[in-house]
Amino acid sequence: MSTRVYAALAGQPNSGKSTIFNMLTGARQFVANYPGVTVEKKVGYFSQDSAKVELVDLPGTYSLTSYSMEERVARDFVLNDDPTVVLNVVDASNLRRNLYLTMQLLEMDIPVVLDLNMIDVAKKKGYEIDKEVLEEELGVKTVTSDGKRGVGREELRHILAHAGDGQIGLPSFRMDYGPLEPAIGRLQNLLELEPELKSRCPTRWLAIKLLEDDERAVSLAKEHALQWSELENSLVGERQAFEADFTIRPAQHIAFRRHETAERVAKAALKAKYPGRRSLTDRIDGVLCHRVAGPIIMCAVFYSLFELAVSQGGRLAAMVTPYLSQAQFFLEGFLPAPGYMHEPLITSLASWFMTSVSALLVYIPQFFILFALIAILEDVGYLPRMAFMLDRIFKRFGLHGNSTLPFILGGIYVGGCAVPGVMACRAVPDERARLATILTVPLMNCLAKTAFYIMLVGAFFPNNQAGAMFFISTITLIMALPIARVLSLTVLKTHETAPFIMEMPTYHLPTVRAVLTRAFERIWVYIKKVLTIVAAVAVVIWALLQFPGVDQAKTDHFQQQAQAALAKFEKAIAKTPLAKRINSEDDLMALFAFRADYRAAKAAAAGDRAASKAVNTRFKAMDPVFFEAVKNRRSKSYKAFNKLRKTRARIWRERQGERINNSILGKMGMVLEPISQFAGFDWRVNVAMISSFAARESATATFKVLYGIGNDGKYAGPAMGDSAGGKPITPLNATALMLFMALFPPCLATIIIVRVATQSYRWMLFAFAYPSILGMLAACLVYTGGGALGLSGWEAMWTYYGLALAFAVFMGWLPLKRYSSNPKGA
Amino acid sequence: MSRKITLEDLSPGTSGKVLALNATGDLGQRLLDLGFYPGVEFRVIRNAPLNDPFELEMMGYLISLRHKEAGFVEVQPL
Ligand SMILES: Nc1nc2c(ncn2[C@@H]2O[C@H](COP(=O)(O)OP(=O)(O)O)[C@@H](O)[C@H]2O)c(=O)[nH]1
Ligand SMILES: [Mg+2]
């Protein structure tokens, strides 16, 4: 018979909880969120001595008040989820501060086991801790561990497995609050008369919390007390009386007592004293946070992050790409093959689907490297240092020092990706700043946007390429910062902020285990959330682009053209051996297939002369007649087939264009035209923009065609595919379009990650809507405003830059709200 | 009455002792939870490259906070 144990890990941040969690559960763990909030919930399992233990890693907190989401989550879990036992992980090298949390856990009437973790670090620092004294003083079972090296694993597993056997009783420790005790006693007596409250939490704990004026405790009491007004009266009376007698508020008195007790217990248990010499971490900080060296090192760290993840990872992605397309090619082989003019619906859908998914799969190697590198920075303890160095700038815009990493990942200059950027926002402790960061990181320059800019800059600013690239790369940050400030002053006004008081954790060497675990966790979130949803949405977008389809007249028109081309082809090859071979549409398609196979084989040989020759010989042997038609440029059959191929491709492209124009999405583009014309966008630009939402990468190719940019990257003047209906595209158009793209709603993957990070559809929609509107306004300003003033694209660009910079400086200069001495009362 | 000395007034390299906390609410609680209480000794280590925030050491660990927020901690330089 197996027993079930439900255990929770509680402790202060950086005490090694996650390390202990990994040590105990191994690979059997998963990450979710606590319902309704963005706090991560890690759950793992292990079996020991016929017990099945479910272990929950609670968020790390210094205390258990109701001021932060993490603390509320940890506290509610202990109160409401009824764990069999709570394992309090304590940093043994920081005993006194860690015991402050322990004191609070012991008040909650749950079985607690104390784990003195980092015992190796404590020993190195010269501490010797007397376990017996701690057990005696606190009345809880105490063990030691070194999570990094797996020391203490068996003992901990054994204790947790037997936690349900009744050996671990409730802690006998009782904090003595001195002069506040009589008041606590009186309140407790009142609470004893409240059956509903009594069933929800320990009365002594609640009495203390009520005296502390803890927001959530008060509202709990208010909601469930039978005699709330009576209770409230005596509560207020007790608080005032205490403050009058002792000139200190009960809340402060309570915290002070906890500190004093923690200090007393720590002193009693520590056999050696704190040595008082300069710690290694402090000395490292002397370099890493140095006035001059600090920022330089930080830039070097960012640079290597990109060099490794983007450049090297990009190379890895390039290696993966052929396999992905081969896989796709292979899978497409099972679908009904397209005919000369007929395109089976299922084939078109499946191809679209696979293309959409593989566009995201390609990023996995890069993301994995990126996530692993971030995990290293996290594990080492460098991230808080980055926040330390840049907080002053970010703070002025309603952001937080910890917004640094998300912005860097998003592509603060060029070539990032908003997905890992938004995922990294969890490190921002202040809710308002976190939301502001999540909402503005997608404005940074991701890889796909960068490619788009390069194309437009090359075509429309050929003489000022560097300047135009500088403009678009820096304008995004110049716009994002004041936008963040505006958001935090408006829509985010009511969200919680937190003071910037942060521990600068001890530096640790990273462990491979922790780094890989974290990188896999993040990748898994990406795969599970983004890929699945993108796959679903890809189907919807396909349908929106597909239906209702091309009307009959047009269909006939295309059919006629196709037949004419075919007749020409047959006439041209009449006297060649190929004529005898092409008797039906199937034969013709076999020729097309032969060519595709040949091209694929040649691509696989990729420049290797001998292999390339072998391919030629092989295909020639396979079918000499077909080979002539695909290979011999001078032959009649080659010329005829080449022409047919090109015509067919053109007809297919035009038919596809026609289908998109007719589609639901196309109609949307037209609906938007009355507004977008002021930005210089006609409805076709709108459609291209809307459909690029599924995968931003496609925008570059689409616009090349739409704007008539040749393969040499130059603008060739008003072309057939030209969007302005014959009007030439001007640099002013390009400037407006680039600005719109810069602000344009984040891609689908980002939108989904925003939903994951905020746990809210409302913020997801907002993250979509506000950049669309702003982008449209900016583009209209440049196109219509710049046009009215007769500015060239180049002039409009820098005029806009000046305006945006002035706005940014103004927003940064706006005074910050000063902390009142009583923020809650204000 | 002369103005009381706060943590904001101490420059890097100086040590001090906490006398009182004048902040309540969120800020006050955070300060308390990270270990600021009367009698505790600390040492201001360094300012960030842009001067704010700054780093200090107490009870063997390091904390960073903004000058403004430090203004609520009344101290006695040692
Ligand atoms: N030397 C040593 N390092 C540890 C120990 N436990 C954890 N660490 C390191 O301490 C850092 C913080 O650990 P982590 O588990 O992330 O702490 P958490 O914030 O409580 O989850 C990591 O760099 C760990 O490798 C230990 O027992 N000994
Ligand atoms: Mg952790």
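**Reading side-chain features**

Modeller: Let us begin with Glu196(A), which is partly exposed, with a relative accessible area of 34%. Please bear in mind that this is a predicted model.

Biologist: With which residue does Glu196(A) form a salt bridge?

Modeller: Side chains of opposite charge can pair when their charged atoms come close. Here Glu196(A) meets Arg200(A) in a salt bridge, at 3.0 Å from N to O. The two are 4 residues apart in helix 8 (residues 195-200) of chain A, and therefore separated by about one helical turn. Arg200(A) is partly exposed as well, at 36% relative accessible area.

Biologist: Is Asp57(A) buried or exposed?

Modeller: Asp57(A) is buried, because its relative accessible area is 5%. Lys17(A) also counts as buried, at 8%.

Biologist: Which residues are linked in a network of salt bridges?

Modeller: The network is made up of Asp282(A), Arg43(B), Arg46(B), Glu55(B) and Glu57(B).

Biologist: Where does the charged end of Arg655(A) sit?

Modeller: The charged end of Arg655(A) sits over the ring of Trp652(A), 4.7 Å from the ring centre. In another case, Arg97(A) lies over the face of Tyr61(B), at 4.1 Å from the centre of that ring.

Biologist: How are pairs of aromatic rings described?

Modeller: A pair is described by the distance of the centres and the angle of the planes. In this model there are 22 aromatic pairs over all chains. One aromatic cluster consists of Phe461(A), Phe470(A), Phe471(A), Trp794(A), Trp798(A) and Tyr801(A).

Biologist: Which residues form a nonpolar patch on the surface?

Modeller: Val486(A), Phe807(A), Phe810(A) and Trp813(A) form such a patch, with about 410 Å² of accessible area together. Helix 36 (residues 793-813) of chain A contributes the largest share, 3 residues. Trp813(A) lies in that helix.

Biologist: Why does Trp813(A) count as exposed?

Modeller: Trp813(A) counts as exposed because its relative accessibility is 60%, and the cut-off for exposed is over 50%.

How values were computed
Residues numbered from 1 in each chain as written. Chains lettered and ligands numbered in written order. Predicted model: local features only at pLDDT ≥ 70, side-chain atom pairs only at ≥ 80, totals over all residues. Heavy atoms only, no water. Phe/Tyr/Trp six-rings, centres within 6.5 Å; stacked < 30°, edge-to-face > 60°. Lys NZ or Arg CZ within 6 Å of the ring centre and 35° of its normal. Patch = residues over 30% accessible without salt bridge, like charges linked within 9 Å, V, L, I, M, F, W, Y side chains within 5 Å. Areas by Shrake-Rupley, 256 points an atom, 1.4 Å probe, with all protein chains shown as cover. Salt bridge = Lys/Arg side-chain N within 4 Å of Asp/Glu carboxyl O. Buried < 20%, exposed > 50% of the residue type's maximum accessible area, 1.4 Å probe, protein only.
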